[in-house]
Each structure stands twice: as C-alpha cells, then as structure tokens.
Amino acid sequence: MAETRVGIIMGSQSDWPTMQGAAESLDTLGVGYETRIVSAHRTPDRLWDYGMTAAERGLQVIIAGAGGAAHLPGMMASKTRLPVIGVPVQTKALSGVDSLYSIVQMPRGYPVATMAIGAAGAVNAGLMAAGILALGDAALAERLERWRAALSASIPETPEA
Ligand SMILES: Nc1c(C(=O)O)ncn1[C@@H]1O[C@H](COP(=O)(O)O)[C@@H](O)[C@H]1O
C-alpha cells in the first residue's frame, strides 16, 4: 500500500463522479491518496482542521474540487502551505464557469493551481500532483515518463475515414 501523499477533497458527494478522475490518475501512477468531503460552506470546522493538520499528517499536495460558489480550494490554500490544485466541477446552471472563476481568481499570495472544468480537469489534477511529487521521487518520475510515452504512442497519426 502506497503511503498517503495526496489529499483529494471535494465539496459534496455529488462531486465524486468528477473527482474520481484524480483518484484514477494517482492509482495509475502508484501514488497514495485519501478522499474526504470537506466544504467551506457546510463543514467549515472540518475544513479548518484539515488545513491545519494536512502537512503534519504527511500530505504533500491537496487536490480540491468544488462547484458553483467554489470557495473550498481557495479557503484550503489559506489554511495550508501545501500546493493546492483546484478542480472546477461542472454545474447545471452556469456550466462550471462559475466554479472556474471562483477558483482561479485568487488574491496575490494564496495561489490555487486551477485545472480545466470537469472530468478532464480532475484527471489532470492527479497528473499534476504526481508531477510535483516526482520532483523528489525518481521512481515516480520514471513511471510518469513511461505513462506519458504510452499515451503519446497510443495517438494514431492518421484519422480513420
Ligand atoms: N462549492 C462548494 C463548497 C465549498 O466551496 O466549500 N461546498 C459545497 N460546494 C458545492 O456545492 C455543489 C452542490 O452540492 P450538492 O450536490 O451537495 O447540493 C457541489 O458541486 C459542491 O462542490
């Protein structure tokens, strides 16, 4: 069992179908993670505790997904020095543009590395977390290189008619 290095947090259970893409990326690359529902709005005390203890518990990167008034990634970035990768979850009313804008426009000093809206953003969040961790982990760097090469090799040169 790989050591838990990444925290995947989300504002609601309803975000899981999107956020599982991040978990799948980390599974593929053999990176250990935990998953939690944490909401700045609905469980502010849980957010506070999570942010206060994340680094001392051994987490190294946090992936935070939320939709709509998506304050979770930014609030988490306020409570921990760990890099926070934000995933804007797609919404029905505004297609996730609301989530994207809520996450990306952080004030100077408290960045959130913001991914694309929806499932592709979640998958990329896992890959981004792995890339950060690979800076200090040669074995993971090699797995990531191999994975990237395999993806590249799987892309056909000519489109099917
Ligand atoms: N944006 C946030 C936060 C937060 O930012 O703290 N907490 C919940 N939510 C979002 O509310 C949406 C609807 O949630 P429900 O489906 O539970 O009603 C979800 O996408 C969640 O991320």
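Asp15 is buried, because 25 other C-beta atoms lie within 10 Å, where buried means 20 or more other C-beta atoms within 10 Å of the residue's own, exposed means 12 or fewer, and partly exposed lies in between, with C-beta atoms placed from the backbone. Asp15 sits in the loop between strand S1 (4–10) and helix H1 (16–29), helices (H or I, at least four residues) and strands (E, at least two) being DSSP runs numbered from the N terminus. Leaving aside residues up to four places away in sequence, Asp15 touches Met10, Gly65, Ala66, Gly67 and Val89, contact meaning that the two C-beta atoms, placed from the backbone, lie within 7 Å. Residues are numbered from 1 along each chain as its sequence is written. Because this is a predicted model, local features need pLDDT of at least 70 and side-chain atom pairs count only at pLDDT 80 or more, whereas totals for chains, interfaces and linings use all residues.

**Close-up of Arg42 and the annotated binding site.** Arg42 counts as exposed, with 12 C-beta neighbours inside 10 Å, and is found in the loop between strand S2 (32–37) and helix H2 (44–53). The unreviewed UniProt entry places a "binding site" at Ser12, Asp15 and Arg42. These positions are spread over 31 residues of sequence, yet cluster in space, with a largest C-alpha distance of 14.3 Å. Such annotations may be inferred rather than shown by experiment.

Among the 16 residues around the ligand, Gly11, Ser12, Ser14, Ala40 and Gly67 come nearest, a residue being near if its C-beta atom, placed from the backbone, lies within 6 Å.
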